[in-house]
Amino acid sequence: MKNALVPWLASVLLMSASVTHAVEITYAYAVAADGSGKTSLQTNNVFVETFDAPGGGPTMAADMVAISTVSGGALGYAQGHLPGVYAAPANDTTYFAYGPSAGSSTTSSEINFNYTGLLNSLGGGASLNYLGLYYGSIDMYNDLIFYNAVGAVIQTVTGASLIDMFQGEPGNQNADTSNIYVNLFFTPEEEFTSFSFRTTARAFEVDNLVVGYNVAPVPEPASLALLGLGLAGLGLARRRISK
């Protein structure tokens, strides 16, 4: 993970008014040690995507997270700025992801990150309950869409709502008020399997993508023993009744 050194403590704790079900959103962050700007304060039960593979690209294995183009232009990876195409999140000198990629024939795209492989590797009952991302020069036309295991939309968090809650400004490539670290916490009823970045104009930019997870608790030996005794007693009681 890109090391978090200096926590930014003045977080904003709000409930999103733009979604059907309430997702808890905060803007707390730490400053990364590697020059990538803002990163997550969450360090337990998380997986981190920094897009810093050699030459830019995913660092998580493809069988853990499947990245696909749903519509429009594909995902790209870059450093720095290319006018009219992408701009690095403020103070981020490392690789980041953006869409639609340079050379796309469209200015819109939806890119999906599917964590089915990761969840399967964690065992039955595992679920995702947190997403953190460094959103660069966030715009009104940038959205996050969350899907469950069967592909149904369970949440949509709009760029406009995040800017409004943060009391920020859209599209400024350098201002702290436009380059924000977004933390989204989900209740068990709202936990997601995949999510998409969607933009209807060029572009979205993101780095330090962090997903957090829950794992189904393993019964303790004492609990298993009690369960076994209870089932044995139930069996004896049934046998007596049958006599």
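This is a predicted model: local features need pLDDT of at least 70, side-chain atom pairs count only at pLDDT 80 or more; totals for chains, interfaces and linings use all residues.
Strand β16, which spans residues 180–185, is mostly covered, with 5 of its 6 residues buried. Two strands pair with β16 in an antiparallel arrangement. Strand β13 (residues 127–136) is joined to β16 by 6 bridges, and strand β3 (residues 24–26) is joined to β16 by 3 bridges. Asn-183 of β16 takes part in both pairings: Gly-132 stands opposite Asn-183, and Thr-26 likewise stands opposite Asn-183.

Gly-37 occupies the loop between β4 (29–32) and β5 (38–39). The relative accessible area of Gly-37 is 11%, and the residue is therefore classed as buried, the cut-off being under 20%. Beyond its neighbours within four places in sequence, Gly-37 is in contact with Ala-30, Val-31 and Ala-32, with Ala-90, Asn-91 and Asp-92, and with Tyr-134.

Asn-44 is located in the loop between β5 and β6 (46–49). With a relative accessibility of 66%, Asn-44 counts as exposed, because this value is over the 50% cut-off. Along the chain, Asn-44 and Gly-212 are 168 residues apart, while a distance of 7.7 Å separates their C-alpha atoms.

Key: Residues are numbered from 1 along each chain as its sequence is written. Side-chain values use heavy atoms; hydrogens and water are left out. Helices (H or I, at least four residues) and strands (E, at least two) are DSSP runs, numbered from the N terminus. Buried means under 20% relative accessible area, exposed over 50%, partly exposed in between (1.4 Å probe, protein chains only). Contact means heavy atoms within 4.5 Å. Two strands pair if DSSP finds at least two bridges between them.
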